Each structure stands twice: as C-alpha cells, then as structure tokens.
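Hi,

Here is the structure I promised to pass on. Have a look at it first, and my notes come after.

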Amino acid sequence: MIPLDPNRLPAHLAIIMDGNGRWAQERMLKRIIGHQRGAETVKMIVEQASLLGIKYLTLFAFSSENWSRPQLEVRALMTLLKKYIQRETAHMMRKNIRYNVIGNRSDLPDDINETLEDAMRKTAANTGMVLTLALSYGARQELTRAAARLAAEAVAGRLSPEDITTELFESYLDTGGLPDPDFLIRTSGEMRISNFLLWQLAYTELYFTDTNWPDFTINELNKALADYQSRERRFGKTSDQLTQRGDLSND
Ligand code: IPE
Ligand code: IPE
Ligand code: MG
C-alpha cells in the first residue's frame, strides 16, 4: 500500500457512493443485492476512515432525485438503511463516532426518522469522527431552503439584507457547523456531482474511479488519499505564495 502522510489527510472526506445497481446487473443479480453489498462497503470504509483519523466523513446515501426510482427499490433502500443504522449504532459507540444527517428529513418515513433520531441521540456525546449521512439530500433544495429561511427572518424584521454574508448564508445550510469537504470521491465512473453539496464543494479536490461502490476497497481508498496528498490546493493564490517564495520574487 502507498504510504500516507498522517498529517496531510483530508479533514473532511465526502463520497458519492455510486454503482450498486450496475455491480448487481453485471452479475445478473437484482439491484437490491448491489445495495446490500454497498452497505458492507460502507461499514468497512467508515471503520477505515475513523481508524485513519479522518474527522468528518460524509456519505451520499440517497438523493432527493432518488425518490423517483421504482417504489420497490426505494422501499428496499429505506429498509436497508434502517437495518444498517440499528445494527451499527453499538459499533459507532465503540468507535466513538457521531452520527449526523443532512437532507430533507420531512420526506423520510416516520420510522426512519425515529431510527435516525435515536442513533443521533445515542452518539451525540462521541468525540471521534462525525459521520454525516446525506439522505433525501439535494443541494439545490438545501440552498432553496436556506434562502427561504433567510427571507422569512427578513420579513419578520430580524434580519436586513446587509446582514447576509457568506458566513451567515453557510450557517443556514444543512451542513452548518461542518467544514467544507477537502476531498470528494465518486465511484462507478460517472464524472458528475449529481446535486451533491454544490456550495460546499467550491474548493474541494475531486477524484473519480471506475470501480463500482460494492467493489471499493481499503486499498482503493488508500490510493485515492495518496492522490489527494499529491495535489496542491491553491485557493486562487499562486503556487509561489503557497511555498512563501511569493514575497521574495515578483516573477
Ligand atoms: C448508488 O448506486 C446508490 C444509490 C443511488 C442509492 P446506484 O443505485 O445509483 O447504482 P447505479 O448507478 O444504478 O449502478
Ligand atoms: C447519486 O447517484 C446519488 C447517490 C449516490 C446517493 P445517482 O445514481 O442517483 O446519480 P445519477 O442519477 O447517476 O446522476
Ligand atoms: Mg447511480
């Protein structure tokens, strides 16, 4: 395995876990079997990220747009999610991991919300990795909700337009309180963002792999993180400025 510099890991890793359906279909299996295998990958990657000392891991588990999939698949995904949370919460306690959820919770079935609430309450005092599940999540919807809440504050006279700074706006997003992702991995070969964290990914390093999520391994995670460590994040500055040579030379 490629050695990683423990001091240069992303503080916040986000993953678009894609390709469960294709993994199954390539094997003449039902899509739901792909999702089941995908849940095993989630378990392994959560454990590895926490072991590496990554502080925030955010997983895109179900998008706002995924509601338009066949009802049978949606229902199976919800059942799988519930089972995963119920089964893993004790493990999260042992690993000191705290659960967090982003997305439009009001669209989720009551029993799922109760399971999530329970898991968040139980793990609330954990001080290790924050595991954020993006469920019924869409970035455009999140941004629209934030704008609507700001408008309501303004109409109520508690806020004036000049108060709306980047920082204030950010605090109205579902991710308020979380740092922006440093690194985004998308599996399955698709090179798109699919309505994930549109605001928060502004300066995130992106990584795409052809591997379908059920086949994603610790080795692949390691490879992706090594790639991240080879990048220079400039945030609009020049390379010289970052190495602090900028003030010595003008070229
Ligand atoms: C990702 O795998 C899981 C979810 C979106 C819920 P997909 O189900 O999108 O798998 P593909 O992209 O159809 O192969
Ligand atoms: C993105 O995957 C959403 C999740 C991984 C939960 P999709 O499979 O829904 O994305 P598209 O439809 O290929 O863009
Ligand atoms: Mg997909």
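Predicted model: local features only at pLDDT ≥ 70, side-chain atom pairs only at ≥ 80, totals over all residues.

Residues are numbered from 1 along each chain as its sequence is written, chains are lettered from A and ligands numbered from 1 in the order written, and side-chain values use heavy atoms, with hydrogens and water left out.

The fold has eight helices and six strands (DSSP runs: H or I of at least four residues for helices, E of at least two for strands, numbered from the N terminus). From the N terminus on, the order is β-α-α-β-α-β-α-β-α-α-β-β-α-α. Of the contacts between residues at least 6 apart in sequence, 75% join residues at least 24 apart; contact means heavy atoms within 4.5 Å. Buried residues make up 45% of the 251, where buried is under 20% relative accessible area, exposed is over 50% and partly exposed is in between (1.4 Å probe, protein chains only).

Now the salt bridges: there are 22, each a side-chain nitrogen of Lys or Arg within 4 Å of a carboxyl oxygen of Asp or Glu.

Helix α2 (residues 31-52) holds both Glu-40 and Lys-43, three residues apart, about one turn of the helix. Their closest N and O atoms are 3.7 Å apart. Glu-40 counts as partly exposed because its relative accessibility is 37%, and so does Lys-43 at 26%.

Glu-47 pairs with Lys-95, with 3.1 Å between the closest N and O atoms. This pair links distant parts of the chain, 48 residues apart: Glu-47 is in helix α2, while Lys-95 is in the loop between α3 (71-94) and β3 (98-102). Glu-47 is partly exposed at 30%, as is Lys-95 at 27%.

In helix α4 (residues 110-123), Asp-118 and Lys-122 sit four residues apart and bridge at 2.9 Å, N to O. Lys-122 is partly exposed at 48%. Elsewhere, salt bridges with shared partners join Asp-18, Arg-22, Arg-186, Glu-190 and Arg-192 into one network.

Cheers
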